[in-house]
Amino acid sequence: MQELMSDDGEHVIFRVAVRLDRTGNGSDDLKWVDWDHGFVTDKIPRDVRWKDASAGIPNESFRPFTAIGECWQTTGIHGTFVRDEAVALANILAEAVPDFEYRVDRVEISQKRTTEVKVERMNRVVKCPNNPRHRRFMTTAHITEVWIVDERGEYIEALEGDKEVTHGPDPGNNWTCYECNEQATIVD
Ligand SMILES: [Zn+2]
């Protein structure tokens, strides 16, 4: 199982968001996304971003937003629990890469794990009745994601990367051969 959320509970997270720009990144969507995209990071001067670029050590202002930061370690989301750290980073980005607009989003998340499902290799084998060399199949897996919602619970955006597999491929579900579309058979 891919463990992206390591802790249950309520958290308030501050994330620095950047506004997608029609000319800057080729997207027509003018929406706010996490700042950590190539169209921003490629333009940050090295000495602003890194304490030691070759060793991958970020400057202090970037550190909380990395995978070694407390926020990611606790929630699996890139951000910070400290508002001032987010404001400081937004100001640094606004100065270093003024091509884009930035803002600090306050995100309240509630994570509660009720079941833990381990995805294990199936003992049973799935076969295509048409051709034993067909070895790719289509079936469903169930994934949850964390949404940013407004005060009415209306969807705004899904947090990138914050997905969790709740049910992996199951021999009880329907399997179809990816090569020839034939209904596959399960062999015990
Ligand atoms: Zn087939």
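**View 1. N181, an exposed residue in a loop of the predicted model**. N181 counts as exposed because 10 other C-beta atoms lie within 10 Å, and the exposed class covers residues with 12 or fewer. N181 sits in the loop between β10 (176–177) and β11 (185–187). Its phi is positive, at about 70 degrees, although N181 is not a glycine. Most residues other than glycine have a negative phi.

**View 2. The open three-stranded sheet**. The strands follow the order β2-β1-β5, and the pairing is antiparallel. β2 and β5 stand at the edges with a single partner strand each, so one side of each has no neighbour in the sheet. From one strand to the next, the twist averages 45 degrees. Strands of a sheet pair through backbone hydrogen bonds, in either a parallel or an antiparallel arrangement.

**View 3. Pairing of β1 with β5**. Strand β1 spans residues 9–19 and strand β5 spans residues 102–111. The two run antiparallel and are joined over 10 bridges. Within this pairing, F14 stands opposite R106 in β5. The bridge partner of A17 in β5 is R103.

**View 4. Pairing of β1 with β2, seen at A17**. Strand β2 covers residues 32–34 and pairs with β1 in the antiparallel sense over three bridges. Which residue of β2 stands opposite A17? The residue is D34.

Terms used:
Residues numbered from 1 in each chain as written. Predicted model: local features only at pLDDT ≥ 70, side-chain atom pairs only at ≥ 80, totals over all residues. Pairing = 2+ DSSP bridges. Helix = DSSP H or I, 4+ residues; strand = E, 2+ residues; numbered from the N terminus. Buried ≥ 20, exposed ≤ 12 C-beta atoms within 10 Å, placed from the backbone. Axes fitted to C-alpha atoms, helices over the stretch in contact; angles between N-to-C directions.
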